[in-house]
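Welcome, and thanks for taking a look at this one with me.

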Amino acid sequence: MITDARVLQPEFIPTEVKHRDAELNTLSAALNPITHGDNADSAFLFGPSGVGKTCLAKFLVEQLRESVVDLNYQYVNCWEDYSRFKTLYRILDGINHTFDVHRQSTPKDVLLERLREYDGSPYIVILDEVDQLEDKQLLYELYRIRGLTMILIANSEQDLFASLDNRLNSRFQVCTRARFNPYGNDALVAILRDRVRWGLKSDVVSPDELRLIADMAAGDARAAIGILRKAVQTANQAGYNEVSSEVIRGVVPEAKAEIEQRSLDKLTDHQRVLYDTILDYGEIAPSTLFEIYSEAVENPKTQRMVRNYLTKLEHYNLIISKGSTKGRTYHPYSP
DNA sequence: TCTCCACCGGAATGCTTGGATG
DNA sequence: CATCCAAGCATTCCGGTGGAGA
């Protein structure tokens, strides 16, 4: 049934991008100076999840690499590497300048110094989910690095610019911005059809079924492909030779839950105890939380470590902390 | 308003691990 | 297979902060 499972993976980048001609041209024009050896301006991509922002950025960089031989490139997901250190580290990693710096305790800004010393070939950095970056000031410093071009990706244009100070705002005001709208159903069907053609035996999924998946995904290509993948897996395991609409309807909740579940799965047992405790109480003071946690687990970690865990839980949008210092309480996240 | 102290989070350092390398 | 090392995990120490209560 499956001939190439890779094309059903979320991180797969197709060799051609459809239905994003306008955005492609905008971004392409912004990066064009690089092909002439000039500096390109940074560019912004905005839009909800699953509309092809990351995909388009990666695709374009790949395309650029075909004509610019010595183009360096690095992809950084600021959701995962949200600290100043980690982001900088990744960026240096892309040009192999990371030797002998591997500790967070490396003196203040050696990493930035290293990057300033860089005077090699053009360097494109994709900063995905840039709104998650703690230290937005870093963007200003990166902006001033010669030869470095940033592609910045975020969900909401307003939210991102609201979190930047005036200096950054005026700098980035002139940058190219591309706004991505959710895919229409026809576009989603076309995207799915390609994936089916590349990765599955013919006649496994009928056009009507593709349309059904597109309906369920509501403009989100990542969700659509996720549903398709789950449906194919399920049908495969059950020994069917095609994907029926019953199977599709059956896996939709599962496929949607998978995305939400992913951050919970990343938690360790200890983090899970903290999360469950906060869920139980609804509102809890730090000292109480630590007491309960210490009772609940075999070898409790130190308070300091628990604070790290809580920061992580908050970062994943699983909990919220309210108030500061003495008045602080933790709550479950409510959207 | 002043003081106290619970709590936060940065820095320095050690321990563990998994993956690259010879 | 043994070795090495980058990178994550954990602990200790500590200075700063702001809410609570005198």
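1. A residue is called buried when its relative accessible area is under 20%, exposed when it is over 50%, and partly exposed in between, using a 1.4 Å probe and protein chains only.

2. Some ground rules before we go on. This is a predicted model, in which local features need pLDDT of at least 70, side-chain atom pairs count only at pLDDT 80 or more, and totals for chains, interfaces and linings use all residues. Residues are numbered from 1 along each chain as its sequence is written, chains are lettered from A and ligands numbered from 1 in the order in which they are written, and side-chain values use heavy atoms, leaving out hydrogens and water.

3. Now the overall build. Chain A holds 14 helices and seven strands; these are DSSP runs numbered from the N terminus, with helices being H or I of at least four residues and strands E of at least two. The C-alpha trace spans about 60 × 55 × 35 Å along its principal axes. An automatic or database assignment sets the domain bounds, giving domain 1 (20–179), domain 2 (185–263) and domain 3 (269–332). The centres of domain 1 and domain 2, taken over C-alpha atoms, are 33 Å apart.

4. A side-chain N or O atom of Tyr309 sits 2.9 Å from a phosphate oxygen of DNA strand C. For Lys301, the distance from a polar side-chain atom to a phosphate oxygen is 3.2 Å, and for Ser324 a side-chain N or O atom is 3.4 Å from one.

5. Finally, two backbone angles deserve a look. Most residues other than glycine have a negative phi. Thr325 has a positive phi of about 40 degrees; this residue lies in the loop between β6 (319–322) and β7 (329–332) and is exposed at 70% relative accessibility. His19 has a positive phi of about 65 degrees, sits in the segment before α1 (21–31), and is partly exposed at 37%.

How values were computed:
Polar contact = N/O pair within 3.5 Å; in protein donor to acceptor, adjacent residues only side chain to side chain.
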